[in-house]
Amino acid sequence: MTGPTLAALLAQGVPLAVCAVVLLGLRGRPRAAAALAIAGMAVSLAASGWLVAVVAAPGRTLLAQTVFLPVDATRSLAFGVLLDPLSVTMAAVVAGVTLAVMVYSTGYMAGDPGFARYYGFLALFGWAMQGLVLSANLLQTLVFWELVGLASFLLIGFWFDRPAPAAAARKAFLMTRVGDVGFLLGVLLLIRTLGLATIPDVIAASAPGGALAPRTVTVAAALLLMGVIGKSAQGPLFTWLPDAMEGPTPVSALLHSATMVAAGVYLVARLHPLFLAAPEVMRGLLWLSVATALATATMAMVAADIKRVLAYSTISQLAYMLMGLAAGSTFAGFFHLVTHAGFKALLFLSAGIFIHHAHSNDMREIAGREPRSRRAAVVGLVAGSAALAGVIPFAGYFSKEAILGALGTGAPAAALVLAYAGAGLTAYYAFRMVFLTLLPDAPTHRPADARSPGPAGAAAHGATGGERAMAATVLVLAALTLVLGWLGPWLGARLGGGEAARGPLEFGTGALLALGVVAAGIAVAWLEFGRAGAPRVGFVERVPALARFFGDNWYLDRLYRATVVRWATALSRAAQWNDRTVVDGATDGVANGTIGGGRLLALLQSGYVQIYVAVAVGLVAALAYALGTGGVR
Amino acid sequence: MTTLDAYLMVALLLFCIGLYGLLQRRSLVAMLIALELMLAAVSLNVVALTSLRGDNTADPPASSVGQVVALILIGVAAAEGAIALSLFVAIQREVQSINVENLSELKG
């Protein structure tokens with residue numbers, strides 16, 4: 001076993017071991033559980049970081065796989081790791097964000113009765129996602145894909161004793177399951193054709209003239225895409241993600257940045273050549289993601305809950321990543337995935353500090369409780385929003401620019417125009433959130449100075465250790481938003497694609513246009529929410545019908561409740577009736593019949609020996625009579 | 001009525017008396033006595049049928065087989081009585097009664 005393979009096994013094995021130890025042995029010792037989980041994740045991060053340093057060279061691919069259960073001559077179950085720049089970079093991102101969330105949670109979740117269980121689940125999540133990222137074949141991918149779903153179910157429903165999180169967890173699980181059906185079928189189709197569906201084999205087979213017929217490639221890509229749509233909350237299946245905000249805020253940070261929803265985008269990037277070999281499917285994905293990006297941006301424009309704004313922005317940004325991938329650029333989509341992981345984790349963790357402080361998710365209520373006393377969170381929120389909006393020089397600018405560039409070369413002009421419009425909306429809702437959260441309703445000050453970072457900010461109030469951990473995590477991530485954007489050329493050189501040649505600061509007209517759109521969005525947000533004496537009512541909210549429509553997920557949830565959910569419920573009721581009445585009835589009938597028959601027969605057992613004698617004599621007499629008359633032959 | 005028929009009628013009478021006693025009396029001892037009567041009826045039948053069948057007068061050993069069997073039956077009855085009486089004593093100690101109506105614990 002070579003060094004990189006060992007490191008890859010370490011990166012995913014340590015979180016698994018931590019998860020097992022914490023859940024089995026440390027449930028009653030929260031501090032030990034947190035320390036162990038953080039140490040384990042740090043090991044995982046170190047291993048992934050070393051992998052990035054060693055493996056991530058252009059064109060380098062390492063595949064180590066061991067068959068543990070041969071099925072027949074061509075098929076077998078195998079477990080392995082696939083190391084190339086894409087997977088090791090993603091593994092480092094996953095480990096980094098998970099570690100940040102774990103450190104942050106020591107403050108956010110302090111005192112929760114389920115503290116140790118929480119860390120166990122986080123480690124489970126880290127393991128599942130690392131396994132998915134590093135997996136070598138599609139069956140393994142499927143296994144970890146489902147484990148990621150399980151972990152997010154457990155964490156969204158972490159406060160399962162309250163009805164809302166329990167319902168949200170159920171909804172998340174079931175909605176992603178709808179897509180997973182397609183994913184399962186796609187994987188089975190590829191395994192049927194290719195036997196052991198190792199990812200490089202799949203990619204090679206999907207090339208023109210490969211082992212897969214073009215039609216098979218199209219069908220497989222469409223089926224796999226169903227899973228992606230469910231997992232990455234796109235198109236019609238996005239409504240689980242805003243509801244998933246019922247989980248603890250650090251979980252949302254994890255879920256929205258590097259794990260769960262990123263899994264779908266990562267899968268498309270992983271199998272990108274397969275998807276590109278099905279251009280019809282990619283065209284569909286392009287328009288679906290354009291529609292999703294714009295629709296969810298409108299929803300983010302009217303949401304009052306800070307976490308819901310962030311949730312809608314996540315969906316919208318995931319749609320941008322998929323747009324970039326659909327336009328044919330692995331680099332653009334994946335680059336945005338990486339930068340988004342950084343700034344979305346930052347945004348959620350900053351929001352978490354405000355929520356922790358104000359005990360409310362409502363932006364206007366947070367604004368009324370001196371949010372600016374939490375300096376680290378203010379820095380985080382502003383930096384994260386600037387990155388989300390795509391303000392130069394924050395990370396989001398570079399990656400969004402890469403996506404717009406990819407759309408400019410590989411997509412119809414209409415999609416590009418809509419993507420620019422979406423960028424403007426993104427800037428608008430991001431800064432609406434900043435102004436609404438940080439400025440009280442009767443604004444007397446200018447917005448908090450974004451660039452007054454201070455590690456002293458959190459410590460100034462005699463902060464506890466937990467609060468210091470939260471503030472420190474946020475500040476580190478805020479610094480990262482300034483750094484991650486410069487990774488573009490490095491990443492581009494390793495993922496291939498012509499974009500690698502473009503330096504981050506080489507402005508074309510496209511970049512200037514994007515910056516103009518972003519500036520316009522921010523300006524509108526400033527006019528409506530920021531400036532002194534601003535109306536604090538968005539232009540959408542002036543039209544109540546539109547605001548209601550946007551604020552209610554475009555009535556999609558109502559539509560589902562009125563149709564699919566109702567039908568499924570009716571079907572379940574019928575099945576339940578069948579189970580209770582027919583199946584159980586038959587079983588109960590047999591049981592009751594046996595018992596009743598036994599009772600009746602037991603009446604013959606009078607316990608009086610003389611009656612037995614009489615019966616026996618009577619029977620013998622009858623038998624003798626019958627034999628005597630020849631009645632029985 | 002031949003001699004044999006007379007013996008068989010007596011045996012039948014004995015058997016019916018025994019059966020009646022077995023079914024009607026409630027005391028275990030009386031039931032045992034009735035049972036012995038039934039056994040005696042059977043013994044009588046055996047002796048009568050082997051001795052008086054009519055065609056075996058020339059064969060004394062064959063006719064005496066029934067008498068031997070009857071003797072063995074008496075022995076068996078004595079052994080049975082000994083076991084039964086000892087059981088009755090045990091039952092009396094256990095439930096302070098040998099009335100068969102009180103011994104119905106195996107009711108279903």
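Tutor: Helices (H or I, at least four residues) and strands (E, at least two) are DSSP runs, numbered from the N terminus. Read along the sequence, chain B then shows the pattern α-α-α. The model is predicted: local features need pLDDT of at least 70 and side-chain atom pairs count only at pLDDT 80 or more, while totals for chains, interfaces and linings use all residues. Residues are numbered from 1 along each chain as its sequence is written, and chains are lettered from A and ligands numbered from 1 in the order in which they are written.

Student: How many helices and strands are in chain A?

Tutor: Chain A has 26 helices and two strands, whereas chain B has three helices and zero strands.

Student: Which strands pair in chain A, and in what sense?

Tutor: Strand E1 (residues 62–70) and strand E2 (residues 76–83) of chain A pair in the antiparallel sense, over eight bridges. Two strands pair if DSSP finds at least two bridges between them. E1(A) and E2(A) form a hairpin, with five residues between them. Pro70(A) has Ser76(A) in E2(A) as its bridge partner.

Student: Is E1(A) buried or in the open?

Tutor: Of the nine residues of E1(A), the number buried is zero, so the strand lies largely in the open. A residue is buried if 20 or more other C-beta atoms lie within 10 Å of its own, exposed if 12 or fewer, and partly exposed in between, with C-beta atoms placed from the backbone.

Student: What share of chain A is made up of buried residues?

Tutor: Buried residues make up 52% of the 633 residues in chain A. In chain B they make up 12% of the 108 residues.

Student: Which domains is chain A divided into?

Tutor: Chain A is divided into domain 1 (1–277), domain 2 (285–551), domain 3 (553–602) and domain 4 (607–633). These bounds come from an automatic or database domain assignment. The C-alpha centres of domain 1 and domain 3 of chain A lie 36 Å apart. Along its principal axes, the C-alpha trace of chain A spans about 120 × 65 × 50 Å.

Student: How many residues does the contact take from chain B and from chain A?

Tutor: The contact takes ten residues from chain B and twelve residues from chain A. On the side of chain B that touches chain A, five residues are nonpolar, two polar and three charged. Ala, Val, Leu, Ile, Met, Phe, Trp, Tyr, Cys and Pro count as nonpolar, Asp, Glu, Lys and Arg as charged, and the others, Gly among them, as polar. Two residues are in contact if their C-beta atoms, placed from the backbone, lie within 7 Å.
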